[in-house]
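Here is a short report on one protein chain. Please read it alongside the sequence and the coordinates.

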Amino acid sequence: MSEDLKCEDGACAVDYTQETPKPKTTVSLNKNYIAPVVGIFFLLLGIGIDFYDIPFFKAPIPLIWFGIIYIVVGGPIVLKAAKLIVKGNIYNEFVLMSVATLGAFVIGSYEEGVAVMLFYVVGELFQEAAVNKAKRSIEALLKVQVEEVSVLENGNLISMHPKDVEIGQIIQAKPGQKIALDGALVSDYATLNTAALTGESAPDTKEKGETVLAGMLNLNTLIEIKTTSKYEDTKLSKILKLVQEAVGRKAKTQLLISRLAKIYTPIVFWLAIALLIIPYFFLGEAYQFQMWLERALIFLVISCPCALVISIPLGYFGGIGAGSRNGILFKGSNFLDLMTKVDTVVMDKTGTLTKGVFEVQEVVSITLDKNELVELVATLERNSTHPIAEAIVKYADLENASLTASEVEEISGHGMKGKIGKYEVLAGNLKLLEKFNIQYDEQLKSNTETIVVIAINGKYEGYITIADTIKDDAKEAISALHRIKKITEIVMLSGDKQLVVDKIANQLGIDKAIGGLLPEEKINEVEKLKKQGRIVAFVGDGINDAPVITLSDVGLAMGGLGSDAAIETADVVIQTDQPSKIATAIHIGNATNKIIWQNIILALGVKVLVLTLGAMGMATLWEAVIADVGVALLAIFNAVRIQRMTWS
């Protein structure tokens, strides 16, 4: 039987925090199935012999025959029940099953006693298999961690555990190897499979100096990486820690069922005893002990709450697993429930809906060729470390350019000035041109974009538009949220200019956009929504978003590029940095919730029906065991369905 089943105060539940046992051999894997298979064979054989009234099968042979089968199949259950009774834990499913089946032997219903125990054991094996499958879907993440890494020291390669590597050391990864630690790429380029971290199978090409993360798979050539974090501080280690902690956080529904089981089990135990004893005082001489004992035993068998206490946490665990496979980490089953209640989604702009990286959007030139203008400006701007300057240099791709800038001067708060060949180049904001008394198009003052205006030899020559690029799936993300009936409003909060925020909101179809906000003002906006009775999910990525993420009913963080502060305070982490995963997270929460309540209604409905029939003498032990095991198996199969669902 599964040792992952914990029993406390009358309630039994799966301990999902334990590591899934890994079988050493195929024989050990199948050993648990030998006793039930043999038991079924000899049970059916015994029933057949008894049915055809074969002469040798007379008392005490049937007792010995079925007794041996019972000991082989049910011995471990009875032994576990005895251990729990010694510890003072009487009200649990092991005791219920042991009392019911041994009681069946007392009244001479040997076949029924063996059948009840046999089907219970088979049900336990199905439960164990389902639990282990759910565990493996998440524990597969653990295999991503590397146990050994090659470190370059004084020209020599040394193998060591990643825990022993210091920040700043150079490590190598061969083709087909996983990267062991976060770091900056030292090699010129690398092609990596990031599926373990992001769920995306498309190869990702990194260039020298770019960040690579532990768990990424090197695809092509030998690469070198300069480590930037210790083993325990890598993004991967933090993700795995989040997954492991998630299992311990239980949803209200799950906690409610556990609490009910603690009350429910002793109640039905004493009701069964009452069903055996009370009729005696009303029926007198007409009282038949064996008949009422059988009814009490039926009551005990069907009352076992295992279908609920096993399938419900399994359903939540399946939801967490489904999220992990789609690049979404739920930090607890309670957040799966909360996702179903969200009616307002509030988002940060930069890094959430946009890439958070400046890119050249447009080049406007008056007299020069656009490519020539870009090359001149980039030659000047590569002397600056400003993000806007870096965006222009990247766009120009000056690898084969022969131009150089001289007399370069960076004018604080204005821009750059320098000489390139026969040209004196100014590149910066409008204040730079005003400083040098250069006339320009007045319409530029009303431009909502970030622009770099350019003057050549004292004359206005044009401008380059720089903007943060909207993520590829941002529009579909907003459309998907609008299609969810529960979502009534989508809001974007940003520290950027209102004109810029409005433009992006119109492009994406966002209901409401507020710009020019400081971090504390974002908090005020979320508080206003909560005072209106809204259930708010906030999605952000930066350190400045951490307080709002904490305040919201459900906080979501972009986990790929997001800050550690945002990720650690969030309830749900989107590893892929894709805003479209917000709707996926809600869909997974809804599907999990639906399955959980299907199981609750099914289990309670069937149990109430058969309990009533059993008490009235209209159900035998056969019906009881089929109803109990059948409901448990149906609930389990229903719970594991979520692991096979796909999310568009």
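Predicted model: local features only at pLDDT ≥ 70, side-chain atom pairs only at ≥ 80, totals over all residues.

Residues are numbered from 1 along each chain as its sequence is written, and side-chain values use heavy atoms, with hydrogens and water left out.

**The chain**

The chain holds 20 helices and 24 strands. Both are DSSP runs numbered from the N terminus: helices are H or I with at least four residues, strands are E with at least two. Of the 648 residues, 52% are buried. Buried means under 20% relative accessible area, exposed means over 50%, and partly exposed lies in between (1.4 Å probe, protein chains only). Take the contacts with a separation of 6 or more: residues 24 or more positions apart account for 66% of them. A contact means heavy atoms within 4.5 Å.

**Helices α11 and α12**

Two packed helices are described by the angle between their axes and the distance between the axes. Helix α11 spans residues 370–381 and helix α12 spans residues 387–396. They pack at about 130°, with axes 9 Å apart. The axes are lines fitted to C-alpha atoms over the stretch in contact, and angles run from 0 to 180 degrees between N-to-C directions. The two helices are therefore oblique to each other. Under 35 degrees counts as roughly parallel, over 145 as roughly antiparallel, 65 to 115 as roughly perpendicular, and the rest as oblique.

Which residues of α11 and α12 meet? From α11 come Val-374, Val-377, Ala-378 and Glu-381; from α12 come Ala-389, Ile-392, Val-393, Tyr-395 and Ala-396. This contact comprises eight nonpolar residues, no polar ones and one charged. Here Ala, Val, Leu, Ile, Met, Phe, Trp, Tyr, Cys and Pro count as nonpolar, Asp, Glu, Lys and Arg as charged, and the others, Gly among them, as polar.

**Gln-169**

Gln-169 sits in the loop between β4 (156–160) and β5 (170–173). Is Gln-169 buried or exposed? Its relative accessible area is 17%, so Gln-169 is buried. Its side chain makes a polar contact with the side chain of Glu-153 at 2.7 Å. The side chain of Gln-169 also reaches the backbone nitrogen of Glu-166, at 2.7 Å. A polar contact is a pair of N or O atoms within 3.5 Å; within protein, one must be able to donate a hydrogen and the other to accept it, and residues adjacent in sequence count only if both atoms are side-chain atoms. Leaving out residues up to four places away in sequence, Gln-169 touches Val-151, Glu-153, Asp-164, Ile-225, Lys-226 and Thr-227.

**Backbone details**

Asn-154 and Asn-457 have positive phi values without being glycine.

The peptide bond from Ala-59 to Pro-60 is cis, with omega near 10°. Pro-60 belongs to the loop between α1 (26–51) and α2 (61–86).

Tyr-33 lies in helix α1. Its relative accessibility is 39%, so Tyr-33 counts as partly exposed. Tyr-33 and Val-122 are 89 residues apart in sequence, yet their C-alpha atoms are 8.3 Å apart in space.
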